[in-house]
Amino acid sequence: MKTQETLESVVIRFCGDSGDGMQLTGTQFSNTSAIMGNDISTFPDFPSEIRAPQGTIAGVSGFQVHIGSSDTNTPGDESDMLVAMNPAALKSNLNSLKLGGAIILNSDEFNEANLAKAGYTVDPLKDHTLDSYKVIKAPIGTLTLSALEEVDLSKKEKERCKNFYTLGMTYYYYNRKTDQTLKWIEDKFGKKPEIMKANQLALKAGYNYAETTEEIVISYSVPSAKIEPGTYRQMSGNVSTAWGLMQAAESANLPLFLGSYPITPATDILHELSKFKHMNVTTFQAEDEIAGICSAIGASIAGSLAVTTSSGPGIALKTEAIGLAIMYETPLIIINVQRGGPSTGLPTKTEQSDLNQALIGRNGEAPLIVLAASRPNDCYEMAYEAARLTLEHMTPVMLLTDGYIANGSEPWKIPKSTDFEKINHRKPSESDLKTDITFMTRNEHSLARTWITPGMDGKVHRMGGLEKDFVTGNISAEPINHQKMCELRAQKVQKVADNIPLQVVEGEATGDLLVVSWGGTYGATRMAVRQLQKDGRSVSLMHLKYLNPMPKNVSDILAGFKKIIVPELNLGQLAPILRSRYGVKTIQYNKVQGQPFKIEELVNRFKEEL
């Protein structure tokens with residue numbers, strides 16, 4: 001009789017060829033776990049090549065999910081189970097599996113040709129490569145065809161169901177219920193009854209095989225997490241960003257316009273927003289990046305909450321237009337979903353190397369408000385915050401996310417629209433229009449100009465990329481005026497510090513070591529710091545979401561610690577900024593491998609400084 005154990009958390013990594021459906025398999029496992037009450041965090045790891053040769057390491061697609069009975073924060077470090085659909089998946093991901101972990105192998109694919117494609121000279125199933133793991137060998141392709149003998153589909157169509165067969169095996173292994181996935185299959189393929197039937201049969205057959213095979217002698221369960229009551233859904237960073245923008249548009253009572261050109265990994269924001277025309281959302285897929293941002297600038301001038309999205313190479317193309325929006329002093333949200341660079345670099349891999357580009361990557365004196373989201377759910381909050389700041393201060397805002405949090409997902413408690421305050425903008429009221437205000441009339445505190453839009457009676461004005469006169473707004477090349485306008489635009493950004501919250505420190509306000517992080521490294525740095533704090537170490541975390549300007553108390557926080565370490569997924573961009581801006585000594589810890597930090601590597605590095 002098989003036994004069952006209870007675990008606090010589990011990390012599973014599904015890997016196979018691009019056509020094996022591993023993203024779908026991982027997503028279904030995640031959704032089912034979320035419905036069963038687990039906290040989850042996911043990490044889709046796509047290949048960079050659109051269609052690499054089948055069976056090669058370049059074509060391996062992975063999906064890692066961390067499920068737990070408590071706060072998970074990250075997709076996890078080493079996995080407890082690796083699902084390898086072919087030799088390439090095994091070879092490229094075995095180092096991510098902890099010693100003693102389980103491997104489900106599709107033994108059908110371990111033939112001479114596929115072993116050669118993966119670079120194996122010896123079959124790993126026949127030497128001692130896998131001696132340190134629990135190996136569950138199953139001819140998944142053959143078993144799937146056998147289970148679907150009576151289904152009226154071609155052999156090729158039946159073979160496509162092997163991912164659901166594999167999913168069924170993992171459902172039994174980790175005590176997951178199949179009901180939700182069976183219902184999803186029915187909804188997805190209801191109009192294609194034979195495909196629906198095949199996938200459902202494959203899922204059930206995989207579950208039954210795992211229940212009866214002697215290869216599996218134990219199964220595991222992960223109890224539900226204790227989470228705040230409410231209605232939850234699974235949310236990815238890109239969808240979260242899109243929804244945050246819609247919330248902001250509603251709070252500001254403005255139409256939302258997105259002008260963009262598709263690029264990995266930002267495109268899903270465009271896809272998501274294009275579904276909501278009925279909510280006063282307009283999306284425009286432009287012919288290139290320049291047209292995308294210029295259409296957004298035009299929409300902003302016309303009075304919409306305007307957004308453009310891209311990734312590093314696209315942001316480079318938008319650079320001149322960003323300067324134009326700064327010169328216009330018009331609201332604009334620029335979302336940069338960072339990926340590995342430079343140039344087209346690693347399109348599907350994550351990195352934090354666009355911070356310098358965001359802060360200073362333009363000609364002339366062109367300061368920008370720069371924000372960074374910390375996790376998938378936080379993209380919602382920070383998209384809303386980006387809208388608030390750009391509308392209240394009449395200057396563009398760049399919001400940095402990255403491929404890791406954009407494609408990753410976690411449970412999200414659906415807020416009430418009343419949880420968000422009204423966003424004030426600088427459009428004049430009817431009574432204001434009867435006064436002598438002009439588009440250069442400024443708020444005395446924020447220095448933000450008035451948002452005069454076309455058609456406002458008596459408020460005709462001239463706009464363009466040439467320098468404006470401080471008073472009239474007409475074109476001016478007068479030397480003193482230019483310096484005054486440059487200083488004004490810089491002061492306007494710095495005054496945003498009066499309108500953002502003070503920086504929070506997780507841990508003691510003073511101590512031996514301060515970890516300073518930003519962006520998508522929050523989950524790993526937070527877990528690493530918590531682990532050391534439990535061990536009684538004097539370490540605290542300062543995670544920055546406001547990068548320009550920074551909160552007013554950052555200087556005081558930095559002064560309270562003996563050492564400051566800055567882990568970044570780049571070669572060191574925030575660390576030198578802190579040194580130059582605050583005169584502190586910083587220790588860099590950098591990684592540029594297209595992969596997020598692991599908790600363990602951060603813990604070990606921080607220990608070296610304590």
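In which loop is asparagine 253 found? The views below come from a predicted model, and the opening one gives the answer.

**View A. Asparagine 253 sits in a loop between a helix and a strand.** The loop runs between helix 9 (237-252) and strand 10 (256-260). Phi of asparagine 253 is near 55°. That is a positive value in a residue other than glycine. Most residues other than glycine have a negative phi.

**View B. Helix 6 crosses helix 8.** Helix 6 covers residues 162-173, and helix 8 covers residues 193-212. Their axes come within 6 Å and cross at roughly 40°. Helix 6 is therefore oblique to helix 8. The crossing is right-handed.

**View D. The largest cavity has a volume of about 110 Å³.** A search of the whole structure finds four cavities of 30 Å³ or more. The largest cavity is lined by 14 residues. Closest to its centre are Ser41, Asn73, Pro376, Tyr404 and Ile405. Strand 3 (39-45), helix 15 (403-407) and strand 16 (409-413) each give two or more residues to this lining. The lining has four nonpolar, eight polar and two charged residues.

**View E. The second largest cavity holds about 50 Å³ of space.** Its lining includes Phe43, Pro44 and Asp45, along with Gly403, Tyr404 and Asn407. Pro265, Thr348, Lys349, Thr350 and Gly594 also line this cavity. Strand 3 and helix 15 are the elements that give two or more residues to the lining. Four lining residues are nonpolar, five are polar and two are charged.

**View F. A cis peptide bond joins glycine 341 and proline 342.** Omega is about 0° here. Proline 342 lies in the loop between strand 13 (333-338) and helix 13 (355-360). Most peptide bonds are trans.

**View G. Asparagine 548 and proline 549 are linked by a cis peptide bond.** Omega of this bond is near -5°. Proline 549 belongs to the loop between strand 19 (546-548) and helix 19 (554-559).

Definitions and conventions:
Residues numbered from 1 in each chain as written. Predicted model: local features only at pLDDT ≥ 70, side-chain atom pairs only at ≥ 80, totals over all residues. Heavy atoms only, no water. Axes fitted to C-alpha atoms, helices over the stretch in contact; angles between N-to-C directions. Helix = DSSP H or I, 4+ residues; strand = E, 2+ residues; numbered from the N terminus. Parallel < 35°, antiparallel > 145°, perpendicular 65-115°, else oblique. Left-handed = near helix turned anticlockwise from the far one by under 90°. 1 Å grid on protein atoms, 1.4 Å probe; cavity = no way out; pocket = protein on both sides within 12 Å on 5 of 7 lines; lining within 4 Å. Points joined across faces, edges and corners; volume = space filled by probe spheres on them. Nonpolar A, V, L, I, M, F, W, Y, C, P; charged D, E, K, R; others polar.
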